[in-house]
Amino acid sequence: MASPTTAPEEAGTLHEQIVTKLRAVLLNGELSDGARIPEAQLCLRFGISRTPLREALKVLAAEGFIELRPNRGSIVAPIDPVEVAHLFEMKGSVEHTIGRLAAVRATAEDARRIEQAHAALGHPPDPAAYTALNQEFHRALAASTQNPILLQTYDNLQKRVLRLRFVVNENPARVAQSFGEHEGIMVAFRARARLDLAERLEEHNRLTGEAVMRTLKSEGG
């Protein structure tokens, strides 16, 4: 029998695994916007009971993937273009602050991580990998500000747009443009040019937001 001290750790690990698997289902487009979450099928697929599945659904609801409806079942959250525009507008201000602080606070170890993430972005095997590497790159920049409140704010916003980043990064032209913008960001970072880095990060966010909005408009007919 498992000891009382190991059970919580095992449960936490199981919870994280379920969240990751469920998020992948949604990111891969297996369920369309507004579709009801097939809890019974997912429990069978993941080999779990409804309790851990519903705990995972709560996490994904906080990330903007799921809409919880008491006594009616959960659905895939519809994407609201107006809210998306507001998210990217807010994120632009956060990115500007990240640039100002990262340029002067990043340590040598921070710089190594950022350089490593940027190099990996040049050779992604597929769009999903590019999105994951892009997340790593930008989070490394945010972490290098040495400001935990700013990092938490960044993480919360990033989670809400992650779903959209996977969609827009299916476009090879946007991926190429994005990497070119990253090259400029790195020039400013290496020079420790705080205002240049701030402006480049904010502009990169603006262009990404515009690409997302174009994608949503085209998919909406």
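Reader: What makes up the lining of the largest cavity, by class?

Author: In this predicted model, that lining has one nonpolar, five polar and three charged residues. Lys 91, Glu 95 and Arg 165 are among the lining residues, and they count as charged because Lys, Glu and Arg belong to that class. Tyr 154 is in the lining too, and Tyr counts as nonpolar.

Reader: Which elements give two or more residues to this lining?

Author: Those are helix H4 (81–105), helix H7 (148–168) and helix H9 (194–219).

Reader: Why is this space called a cavity?

Author: The name applies because a 1.4 Å probe fits there but cannot get out. About 50 Å³ of space lies inside the largest cavity. With a cut-off of 30 Å³ or more, the count comes to one cavity.

Reader: What makes a set of residues a nonpolar core?

Author: Its members are buried residues such as Ile, Phe and Leu, joined through side-chain atoms within 4.5 Å. The largest nonpolar core has 36 residues, and Ile 98, Ile 114, Phe 137, Leu 141, Phe 189, Leu 197 and Val 212 touch the most other members. Helix H4 supplies the largest share of this core, eight residues.

Reader: Which residues does Ile 114 touch, leaving out those up to four places away in sequence?

Author: Ile 114 touches Phe 137, Ala 140, Leu 141, Ser 144, Met 186 and Phe 189.

Methods: Residues are numbered from 1 along each chain as its sequence is written. This is a predicted model: local features need pLDDT of at least 70, side-chain atom pairs count only at pLDDT 80 or more; totals for chains, interfaces and linings use all residues. Side-chain values use heavy atoms; hydrogens and water are left out. On a 1 Å grid over the protein atoms alone, a cavity is a set of points where a 1.4 Å probe fits but cannot get out, and a pocket is an open set with protein on both sides within 12 Å along at least five of seven lines; lining residues have an atom within 4 Å of a point. Grid points are joined across faces, edges and corners, and a volume is the space filled by probe spheres set on the points. Helices (H or I, at least four residues) and strands (E, at least two) are DSSP runs, numbered from the N terminus. Buried means under 20% relative accessible area, exposed over 50%, partly exposed in between (1.4 Å probe, protein chains only). Contact means heavy atoms within 4.5 Å.
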